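Me: I am new to reading protein models. Could you take me through one, feature by feature?

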Amino acid sequence: MGAVETLPLVQETRSTCPYCGTGCGVIIETVGVGTPCVPGMPLRGQVTAKIINVRGDPQHPANFGRLCSKGASLHLTTSRNGRALVPEYRATRAVPRTPTSWDVALDAAATRFAAIIQAHGPDAVAFYISGQLLTEDYYVFNKLARALVGTNNIDSNSRLCMSSAVAGYKATLGADAVPCSYEDIDLADLFLLAGSNTAWAHPIIFRRIEDAKAKNPALKIIVVDPRRTDTAAMADLHLALKPGTDAVLYSAMLHVLLWEDLIDEAFIAAHSSGFPALRAQLRELTPGAAAAVCGVAAEDIVKAARWFGQARAPLSMWCQGLNQSAHGTANNAALIHLHLATGTIGRPGMGPFSLTGQPNAMGGREVGAMANLLPGHRDLASPADREELARLWAVPSVPERPGKTAVELFDALHEGTIKAVWIACTNPAHSLPDQTRVRAALEKAEFVVLQESYRDTETAPFADLLLPAASWGEKEGTVTNSERRISRVRAAVAPPGEARPDWEIAAEFARRLGEKLGAGETAKRLFAFAAPADIFVEHAKLTQGRDLDIGGLGYPLLEQCGPQQWPFPQGAQQGTSRLYADHRFATADGRARFVPLDFALTAEATDARHPLLLTTGRLRDQWHGMSRTGRAVRLAAHEPTPRLLLHAADLARRGFKVGDLARITSRRGSIVLPVAVSEEMKPGQAFAAMHWGGRSLSHAGANQLMPKAFDPVSRQPELKAAAIRIERAELPHRLFLLRAAESASAEEQVLDFRERLARFLPGLDYAALTLGGRDHPFVMFSAASAMPFAEDMLEALIAAVELEESTVYRDPRRAIVKRAKIAAGDDRLLGILFSGETLAADWLRELMASGQPVGELRRYLFAPTATPPQALKPAGRTVCNCFGVSETEIGALYRQGLDLAAVQARLKCGTSCGSCLPELRRMQAAVGATVAPD
């Protein structure tokens, strides 16, 4: 290494956002001292730097400089808090894991995997990986499982996300290839947004839809969603269908297209097969019949079909509402049928366009890193494809037996047929359905390896071996977004501690495992990668001649020309923006296929004991299990606490008030959450966000209630519907704790307090641990119990958040304890612990979030009142995270008669990332103002 030199004050590195599949380009700003980094080479040991800001890349074609609230806050998630820094290992579960060296850790992993393989065969081990891995990471894991171990037991959390879309594309179009591009958004004249709260889950795509609507007010938007979300609120037609009735709805729309002669008979005759059989199946599926099943007015079904059939360029976009279903493949096929029947595919502005939920779910499918796939979109069931892959890898054979998919894999772990599992960059103890069984499976496993950036995920306690992995901003590679566009991911800083890139960990393990299995030389040859660029070259070669041919792509071209769409074969000058322009599809005869449909509804029906149907979904400012977003206090401001949302009539019927704790019970168990009224909900339905799990709650969250039923083709589980009942949780004893940092803006100390408090969650009847205070960060711990909280627990809580030196009030007769800590310098409220009586919790939280001096409010701190003192002006929930603007401020201006433009001019809300714009418009409409263009 050369001499250390001082780098410029701020360095900039172009990379890609690690959240949803939109694939936004970002520019990472860093400061630090070290040697200049070499593009494409690991940074470990080269640079001591810190990420200080992230902004959108104006040159990236996915976002042209825009970022949502999550992407714009990436720099706030890069602290060392919670990071896995060194390998940790336990030889037996009778003792805790202890730090060890990489050499000991990887040798232990290889020894134990080899012993199980030699005793029980290669299918006794499995790999469960992630759509958040880079393509190069994915590729190495897939090669490890199939070429070295000899098992197809490798699956990804993409199984929970996109596998029904994959199955739908393959069933109808012949290949897992999204035919559209983002540029089609600008050219469409009708949007059908199905099963996707795009405004929250894919905000940058939604901004582009908003732009298209502003440019062409005649453009129609149809939203299909059980809830009236922010996406649905801007629709010209909202079809609030019953969960699980998607295939029925789209097929009834096709029935109308047939009846009213809005189909393209010439296209159907020349470019498709199977239509007569499908037409016969749909003969009796009239709008009236579908209306009774779907809970949607028959005339609205007719209107939606007419709009679709009369559109010049209809574009359908969908996400988990269609995919996470026990008949998700049928849902996808039914929607794609609309495009095939009208011939609206392969041309500008039109076609079926699935929105990917993870940053690299598509890259994982490209390399075949799922149990039923092989690299280069090869088919595991095809002997010719297996033989070709074996030849390209120079191995005797590729295993034939189908591997276990996500739910099946953990069932096999529970049953003991799979003995060891290697989990990388995913959190199954949060994300899989039927969490009680999943956690029991991890406990039963002989050996669990977790390769993870964070040591405090819900899965971490089950790991026998924890391997610290590099995270976003620290590693090199590529990802593929929803429109088939491959982008570079670049390292801006070194990984903390001893963390290593995922591909490097997997390759080194493979070489060691090869030695243990007597295949050392083979393993050295198979995994002789020196850098991610080497892996990409090999991956690209395996795609040549295939539908996703990227033989013309490599790191040099991506560096020179920027992100590119596949296919991009050798000799190509640019990528392919739109597929099937010649209407020749990826089937054996070149024809698209209309397929018979399954019109089953949800996997389980409501009944007298479980009369409500629970659905799950995303929040605007959080992502997945919040292992990253949950560390940015700013991102907690919009939705600070977990809740169960219900229609007002369902609350009233059961005698609940907003904030009451409810015991929510499905056929798999119970959890406790506070209830809230939502105008989004229809009677008989409930909603819980999927992000909150065991890091935030005393239980596993909504997925503890969801069934493990899955689609028979895609094997994707039904994470969107569970029959439940709610009852009052009789937990009269309450506890409430707030703790701010000693310094007004010190998030690190707040995150440290949060980590200390997390150990109190298990075992409590109800507890929630969240963050708050966008500009004045704090941690909040609330709990409820059937019995008074023990004194030793209270003392432990006080010690954990350093509230020993505080003002104390005690009422032993009523088991009430209250403590308050106030900063000596600026008179801020630093800490609160109330046990036994917590009426003032809400306004005390507002006081701490405001950062204002306690002043004359000091005398009210211990008052048993829910009414805030007049000296405190509650701000309410934050709507705009970029500028910290609350709904109270926005609502006040709307009520004064200001329109959106005037409110933005005054408060700046919605003028940065734009994630709050749909809510701003909805709030304006709610007070009766005229919606003004932004």
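Reply: Start with pairing: two strands pair if DSSP finds at least two bridges between them. Helices (H or I, at least four residues) and strands (E, at least two) are DSSP runs, numbered from the N terminus. In β18, the bridge partner of glutamine 451 is leucine 467. This is a predicted model: local features need pLDDT of at least 70, side-chain atom pairs count only at pLDDT 80 or more, and totals for chains, interfaces and linings use all residues. Residues are numbered from 1 along each chain as its sequence is written, and side-chain values use heavy atoms, with hydrogens and water left out.

Me: In which sense do β17 and strand β18 pair?

Reply: Strands of a sheet pair through backbone hydrogen bonds, either parallel or antiparallel. Here β17 and β18 (residues 465-468) pair in the parallel sense, over four bridges. Strand β16 (residues 420-424) also pairs with β17 (residues 447-452) in the parallel sense, over five bridges. Look at the partners. Tryptophan 422 has valine 449 of β17 as its bridge partner. Isoleucine 423 stands opposite leucine 450 in β17.

Me: What is the order of the strands in the open sheet?

Reply: The open sheet has seven strands, in the order β5-β4-β18-β17-β16-β6-β7, and the pairing is mixed. At the edges stand β5 (98-99) and β7 (154-156). Each has a single partner strand, so one side of each is left without a neighbour in the sheet.

Me: Which residues of β17 lie on each side?

Reply: In a regular strand the side chains alternate between the two faces of the sheet. Buried means under 20% relative accessible area, exposed over 50%, and partly exposed in between (1.4 Å probe, protein chains only). On one side of β17 are Phe447, Val449 and Gln451. On the other are Val448, Leu450 and Glu452. All of these are buried, so both faces are covered.

Me: How many residues are in the largest nonpolar core?

Reply: A nonpolar core is a set of buried Ala, Val, Leu, Ile, Met, Phe, Trp, Tyr and Cys residues joined through side-chain atoms within 4.5 Å. The largest one here has 94 residues. Phe191, Tyr250 and Met317 have the most contacts inside it. Its largest share, 10 residues, comes from helix α8 (residues 246-259). A second, separate core has 59 residues, including Ala460 and Leu661.

Me: Is leucine 833 buried or exposed?

Reply: Leucine 833 is buried, at 0% relative accessibility. This residue is found in strand β34 (residues 829-835). Leaving out residues up to four places away in sequence, leucine 833 touches Phe736, Leu737 and Val817, among others.

Me: Where is alanine 740 found?

Reply: Alanine 740 is found in strand β29 (residues 733-740). At 2% relative accessibility, alanine 740 counts as buried. The C-alpha atoms of alanine 740 and glutamate 260 are separated by 64 Å, and the two are 480 residues apart along the chain.

Me: How is valine 10 placed, buried or partly exposed?

Reply: Valine 10 is partly exposed, with a relative accessible area of 37%. Its place is in the segment before β1 (11-16).

Key:
Contact = heavy atoms within 4.5 Å.
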